[in-house]
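Subject: Handing over the structure

Hello,

Here is the structure you will be taking over. Please open it first, then read the notes below alongside it.

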Amino acid sequence: MSIDLAPSLSDLAADAAAGLKEHFGSQASVIAAAPGRVNLIGEHIDYCDGFVMPFAIDRYIVMAAALNGSGEARVVTALGGEPAILPLNIPQQVTEPKWANYLRGVFQGFQERGHQLPGFDAYVLSSLPRGAGLSSSAALECCVATLLEGLLDTVLDTKEKALLCQKAEHDFAGVPCGIMDQFASCFGKVNRLILIDCMTGEPELVPFENPDLTVLIANTMVHHELSDGGYAARRKNTEDGLAILGKRSWREVVPGEVEAAWEQLGDPVDRRSRHVVGEIARTVAAAEALAKNDYEALGPLMAASHDSLRDDFEVSCKELDLMVEIARAIGRSGGVIGARMTGGGFGGSTVTLCESRKVEQIAATLAREYEEATGIKPQILASRPAQGAHLV
């Protein structure tokens, strides 16, 4: 089988509890889970007042915890390495180990809201592939926030929790991300896509109930750090474009205005601007098509999205392009409705919307032809929209 099957959430929870018991000798009192996400369409416009349409996938980060009566959080991950020992009675600082900065950022958000964090031990494991562009960092943040809700016996407003986690990523991981990843992980629901208006910050659940459709996620196994400047440079390009156009929001810009100011914008700001305006329109069109159950309309929209990300926004790479080309070659007759890169880019994954009855054949073709061309064995996942962050 070419598809990498997801372990059940109950199995993950049991394994996390067992890990806690093994490392700390404690029985888990709280177990939290938060999913990764893929974005069906609407890429690199969540920080441009655009619309995005992600969904939570059935791959989770899970944390099992127990109070330890100290002023510290002691956290071990299934990946091994030394435990992170994090003081809870002082303001959080960015420091080593690097992965624990995501936790520190969330702790800081709770502390700023007046919560006195209790000392606890925790064990973390994940069914999310790292570096696949599936927002494992947002899943970790939202999982920690949900765990703290359980330990503190409190519940944050879902939007407030998502924004707290976004701020943690900004301040403690140095990635100026938009709201999409944390919103998808927090607001996810079974059989629902999440159409997020990134200007108002309001999510709308869009039905995706047709069992005849499945999304294949193809992890190219190629990864480049988003914090290495590529992401920040693209964001700066979009800010420069908006300033040159003299508008307050990208939602006020129409394609003709970008074309009219092409020389004034200059390269690459002109192409970045064209992507933003086009991608906002494509996402709105995709939401309208889904509302009418017109799934066939999604194919050309996904294709145009990928081409724009490749040529105008320049966040694709040859491996992502290859995976999309293989899916396109399979075509509608082979069960493929549409394919595109997903996530921040510079590596990571593609999404292929396809007929459920042909999923196995499509996955096998993607895996075989990609490995033949690159020598890299990809990871192929299949998912439908899953439940967002919650206590297990």
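Start with Cys48. Its sulfur is 9.2 Å from the closest cysteine sulfur, which belongs to Cys198, so the gap is too far for a bond.

Two notes on the source. The model is predicted, and residues are numbered from 1 along each chain as its sequence is written. Local features need pLDDT of at least 70, side-chain atom pairs count only at pLDDT 80 or more, totals for chains, interfaces and linings use all residues, and side-chain values use heavy atoms, with hydrogens and water left out.

Back to the cysteines. Cys48 is buried at 2% relative accessibility, and Cys142 is buried at 0%. Buried means under 20% relative accessible area, exposed over 50%, and partly exposed in between (1.4 Å probe, protein chains only).

**Arg37**

Where does Arg37 sit? Arg37 is found in strand β1, residues 30-41. Helices (H or I, at least four residues) and strands (E, at least two) are DSSP runs, numbered from the N terminus. Arg37 is buried, with a relative accessible area of 3%. Its side chain makes a polar contact of 3.1 Å with the side chain of Ser135. A polar contact is a pair of N or O atoms within 3.5 Å; within protein, one must be able to donate a hydrogen and the other to accept it, and residues adjacent in sequence count only if both atoms are side-chain atoms. Leaving aside neighbours within four places in sequence, Arg37 is in contact with residues including Pro54, Phe55, Met180, Asp181 and Gly343. Contact means heavy atoms within 4.5 Å.

**Aromatic rings**

How many aromatic pairs are there? The count comes to 4. Rings of Phe, Tyr and Trp (its six-membered ring) pair if their centres lie within 6.5 Å; planes under 30 degrees apart count as stacked, over 60 as edge-to-face and the rest as tilted.

One of the pairs is Tyr47 with Tyr231. It is tilted, at 5.6 Å centre to centre and 55 degrees between the planes. Tyr47 lies in the loop between β1 and β2 (51-67), and Tyr231 in helix α6 (residues 230-245), so the pair ties together parts that are 184 residues apart in sequence. Tyr47 is buried at 12% relative accessibility. Tyr231 is buried at 6%.

Phe183 and Phe187 make another tilted pair, with centres 5.3 Å apart and planes at 40 degrees. They are 4 residues apart in helix α5 (residues 180-187), separated by about one helical turn. Phe183 is buried at 1%, and Phe187 at 18%.

A charge also meets a ring. Arg272 lies over the face of Phe313, at 5.9 Å from the ring centre. The test is NZ of Lys or CZ of Arg within 6 Å of the ring centre and within 35 degrees of the ring normal.

**Helix α5**

Helix α5 is mostly covered: 8 of its 8 residues are buried. Among them are Met180, Asp181, Gln182 and Cys186. The cover includes β1, β2, α3 (136-152), α4 (158-173), β6 (192-197) and β7 (202-207).

**Strand β8**

Strand β8 (residues 213-219) is mostly covered too, with 7 of its 7 residues buried. Leu213, Val215, Ile217 and Asn219 point one way; Thr214, Leu216 and Ala218 point the other way.

Which strands pair with β8? Strand β10 (residues 349-355) pairs with β8 in the antiparallel sense over 7 bridges. Here Leu213 stands opposite Glu355. Strand β11 (residues 379-383) also runs antiparallel to β8, joined by 5 bridges. Ala218 stands opposite Ile380 there. Two strands pair if DSSP finds at least two bridges between them.

**Val276**

Last stop: Val276, in helix α9 (residues 269-291). Val276 is buried at 0% relative accessibility. Not counting residues up to four places away in sequence, Val276 touches Ile45, Cys48, Thr238, Trp250 and Phe313. Val276 and Val253 are 23 residues apart in sequence and 9.5 Å apart in space, C-alpha to C-alpha.

Best wishes

Definitions and conventions
A disulfide is a pair of cysteine sulfur atoms within 2.5 Å.
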